[in-house]
Amino acid sequence: MTTFCSTCGMPLEKKEDIGVVNTSGSFCRYCVNIDGTVKNSDQIFAGGVSFFMHTVEGTPLDLAERITRRNMKSLPYWKTRNDKCLLGDEATDEEYADAMKKVGE
Ligand SMILES: [Zn+2]
């Protein structure tokens, strides 16, 4: 069974994908600081935005932010948090499905 990063949803398929595993969950290497602590929401949000803009060519900043917000808010880790970067517009069903399809290509 594949586990997913608790903070960004990335599948942790290979051992080297894993940054840290602790009582809060499993986290990918992109979501973890060098000292093994999990990055804060702003850092993870910024990482997600840059990921979508680079992976899906031509994604505007505004859309990348809304996709990242929706993606993070779909994860239980962020459900109880109200971090500033998570407040705001989210991608529509269509935009989100389209982006996920392109990421998977
Ligand atoms: Zn992650």
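Reader: How far apart do the C-alpha centres of domain 1 and domain 2 lie?

Author: Domain bounds come from an automatic or database domain assignment. Here the chain is divided into domain 1 (1-39) and domain 2 (40-105), and their C-alpha centres lie 17 Å apart. This is a predicted model, in which local features need pLDDT of at least 70, side-chain atom pairs count only at pLDDT 80 or more, and totals for chains, interfaces and linings use all residues. Residues are numbered from 1 along each chain as its sequence is written.

Reader: How many residues does the contact take from domain 1 and from domain 2?

Author: Two residues are in contact if their C-beta atoms, placed from the backbone, lie within 7 Å. Eight residues from domain 1 and eight residues from domain 2 take part.

Reader: Which residues of H1 are buried?

Author: A residue is buried if 20 or more other C-beta atoms lie within 10 Å of its own, exposed if 12 or fewer, and partly exposed in between. Helices (H or I, at least four residues) and strands (E, at least two) are DSSP runs, numbered from the N terminus. In H1, the buried residues are Ile44, Phe45, Gly48, Val49 and Phe52. They fall within an arc of 140 degrees seen down the axis of H1, so they line one face of the helix; the arc is that of the directions from the helix axis to the C-beta atoms. Asp42 and His54, on the other side of H1, are exposed.

Reader: What covers the buried residues of H1?

Author: The cover includes helix H2 (61-73) and helix H4 (93-104).

Reader: Which residues of the largest nonpolar core touch the most other members?

Author: A nonpolar core is a set of buried Ala, Val, Leu, Ile, Met, Phe, Trp, Tyr and Cys residues joined through C-beta atoms within 7 Å. The largest one has 16 residues, of which Cys5, Cys8, Phe27, Cys28, Cys31, Phe52 and Ile67 touch the most other members. S4, H1 and H2 are the elements that give two or more residues to this core, and the largest share, four residues, comes from H1. Both domain 1 (1-39) and domain 2 (40-105) give residues to the core, so it lies between them.

Reader: With which residues is Cys5 in contact, leaving aside its neighbours within four places in sequence?

Author: Cys5 is in contact with Met10, Leu12, Ser26, Phe27, Cys28 and Cys31, once those neighbours are set aside.

Reader: Is Thr37 buried or exposed?

Author: Thr37 is exposed, because 12 other C-beta atoms lie within 10 Å. Thr37 sits in the loop between strand S4 (25-28) and helix H1 (41-55).
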